[in-house]
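Work through the exercises below with the sequence and the 3D structure open. Each task is followed by a solution in steps.

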Amino acid sequence: MEDIDLELDEMELVAAAAGHYYYSCLTKQPSRCLSPRRCEFVSEVLNGHDDYCREMLRMDKHVFHKLCDILRQRAMLRDTAGVMIEEQLAIFLNIVGHNERNRVIQERFQHSGETISRHFNNVLKAIKSLSREVLKPPELTTPPEILNSARFYPYFKDCIGIIDGISIPAHVPAKDQSRFRNKKGILSQNVLAACTFDLQFIFIYPGWEGSVTDSHMLRAVLHNPDQNFPQIPEGKYYLVDSGYLNTGGFIAPFEGVRYQQYEFKGANQLPRNSKELFNHRHCFLRNAILRSFNLLKARFPILKLAPQYSFQIQRDIVIAGCVLHNFIRREERNDWLFDSFGAASVDELSDPDELPDVQFLSSMQEQFSYSLRDSIAAAMWDDFLNKWNEW
C-alpha cells in the first residue's frame, strides 16, 4: 500500500506539471504584438482620433513621432524583437501620464511585469539624458512677454526668468521620513526650479527633503558649481517670492505689502503706493512658474501622488517630466494643455512662516538689489499716476 501511495503522489506531480504547461503555453494567447512593428494598443492610439492620442500619450502624434525619431537616431533606445521604440515610449507615457500601476500596464500592453519595468527604466534614463539639451539657459534679451507689454516694459527689461520651489509627494523609507516630512506633515521631496515667461524650465533640481526651505536650496545650488546653475549675467536677475532674499541677481517683492492678486480685487483694487504697484506686477510675472508647475502636474499626474519607486527613480521622473514639458512646448506651440494653462492666473496662498535664510551674498550686492527695486517701483508709480490706462 505504501508503494501505491508513493506512485500516486508521483502521478499527481506529473499531472500538475502537465496542467501548468498546458495553461501557460498551449492555451496562451497569441503574441502580445499583432505586428512585429507595433503592438495593437499603440497602433490603435496612433491611428485613432487626435484627442485619444493626447489623452493616452499626453502629447500630439507628430510630437510623439519626433521624440521617437530622436531616441532611435541617437541610439538612446533600440527596437527589440518584441517591443519597438514607439511601444517602449508609450509604456512610459502611460505610467507617468496616468499614474498607472505595473499590473494595469501589463494588461494594456500584454507584456510581463519584468518587460514593463525594464522598458520604463530604459526610457526614463534616455529622456533624462536629454536634460542638458532641452533645459537651456534663458536668452539674455528682454523676453517678449515683457517687451510687448507697457505694464512691464521697460521696468523689468533685465529680468530673465523666475525661480521658485515646488513640493511633490514622495515615498521614502521609515528611517528617512522625519527629514522628508514638510511643515504640513506630508512626506515630500522639494524641487528647486527656474523657468522662462514662455513656461519653459531653465533649471531643475529635485530630491531635496521636504523640510528644506526654498532659500536653502537656492543657496546650496549657487555654492555648488557641479549643479550647473546658469550663470546670471551682470545686470540681469530672476524674480523670486518673499521666501528668498532680495539680493544680487534675485528680485523679491516688498515685505509687509499687498502682493497676491486676490488682494487687489473689490473696493481695494487700485494700488495705493509704488510698493503695492510693484508687488502687483511682480506677482503677475511670477505667476508664470506657478502655471508651469500646475501644467507639469496636469500632464503627468504621477507627480501628484507618491509612486512606489525607489527615491532615485522618483527624483528622475521629475527631471524627465520637465524635459518632456519643454520638448512639447518647442514642438507644438498650440498644445492643448499649454493653451488651457497659458493665460490663466494662479492664486497662491501666502505663507507667513516662509522666511528667507541667512544672507549668502555680499552686502554690496544686496544694497544694489534694493536700490534697483526701489528705482523700478518709483518709475512704475510715476508712469501709473500719469497713465491710468496702463493699470
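**Exercise 1. A salt bridge and its network**

Task: In this predicted model, find how the side chains of Lys175 and Asp176 meet, and state which residues are linked in a network with them.

Solution: 
- Step 1. The side chains of Lys175 and Asp176 form a salt bridge, with an N to O distance of 3.3 Å.
- Step 2. Lys175 has a relative accessibility of 67%. The cut-off for exposed is over 50%, so Lys175 counts as exposed.
- Step 3. Asp176 has a relative accessible area of 14%. Buried means under 20%, so Asp176 is buried.
- Step 4. Salt bridges link Lys175, Asp176, Arg179 and Glu209 in a network.
- Step 5. In general, side chains of opposite charge can pair when their charged atoms come close.

**Exercise 2. Salt bridges between separate parts of the chain**

Task: Locate the partners of the salt bridge between Arg286 and Asp164, then do likewise for Asp335 and Arg299. Are Arg286 and Asp164 buried or exposed?

Solution: 
- Step 1. Arg286 and Asp164 meet through their side chains at 2.8 Å, N to O.
- Step 2. Arg286 is in helix H12 (residues 274-299) and Asp164 is in strand S1, so this pair links distant parts of the chain, 122 residues apart.
- Step 3. The relative accessible area of Arg286 is 2%, which is buried. Asp164, at 3%, also counts as buried.
- Step 4. In the salt bridge of Asp335 with Arg299, the closest N and O atoms are 2.6 Å apart.
- Step 5. Asp335 sits in the loop between H13 and helix H14 (336-342), while Arg299 belongs to helix H12; the pair therefore ties together parts that are 36 residues apart in sequence.
- Step 6. Asp335 and Arg299 are both buried.
- Step 7. The count for the protein comes to 23 salt bridges.

**Exercise 3. Backbone exceptions**

Task: Which residues does a cis peptide bond join, and where do Arg58 and Asn228 lie?

Solution: 
- Step 1. The bond between Tyr153 and Pro154 is cis, with omega about 10°. Pro154 lies in the loop between helix H9 (144-147) and strand S1 (159-169).
- Step 2. Arg58 has a positive phi, near 65°. Its place is the loop between helix H3 (50-57) and helix H4 (61-73).
- Step 3. Asn228 also has a positive phi, near 55°. Asn228 is in the loop between helix H11 (214-222) and strand S4 (237-239).
- Step 4. Arg58 is buried, at 7% relative accessible area, whereas Asn228 is partly exposed, at 44%.

**Exercise 4. Cores and totals**

Task: How many residues has the largest nonpolar core, and how much of the protein is buried?

Solution: 
- Step 1. The largest nonpolar core has 82 residues. Among those with the most contacts inside it are Leu57, Phe64 and Phe92.
- Step 2. H13 supplies the largest share of this core, 10 residues.
- Step 3. A second, separate core has 19 residues, including Leu192, Tyr205, Phe229 and Tyr244.
- Step 4. Leu57 touches, among others, Val45, Leu46, Phe64 and Ala90, not counting residues up to four places away in sequence.
- Step 5. The protein has 391 residues, and 48% of them are buried. It contains 15 helices and 5 strands.
- Step 6. Of the contacts between residues at least 6 apart in sequence, 69% join residues at least 24 apart.
- Step 7. The accessible surface is about 19,900 Å², and carbon and sulfur atoms account for 53% of it.

Terms used:
Residues numbered from 1 in each chain as written. Predicted model: local features only at pLDDT ≥ 70, side-chain atom pairs only at ≥ 80, totals over all residues. Heavy atoms only, no water. Helix = DSSP H or I, 4+ residues; strand = E, 2+ residues; numbered from the N terminus. Buried < 20%, exposed > 50% of the residue type's maximum accessible area, 1.4 Å probe, protein only. Core = buried A, V, L, I, M, F, W, Y, C linked by side-chain atoms within 4.5 Å. Contact = heavy atoms within 4.5 Å. Areas by Shrake-Rupley, 256 points an atom, 1.4 Å probe, with all protein chains shown as cover. Salt bridge = Lys/Arg side-chain N within 4 Å of Asp/Glu carboxyl O.
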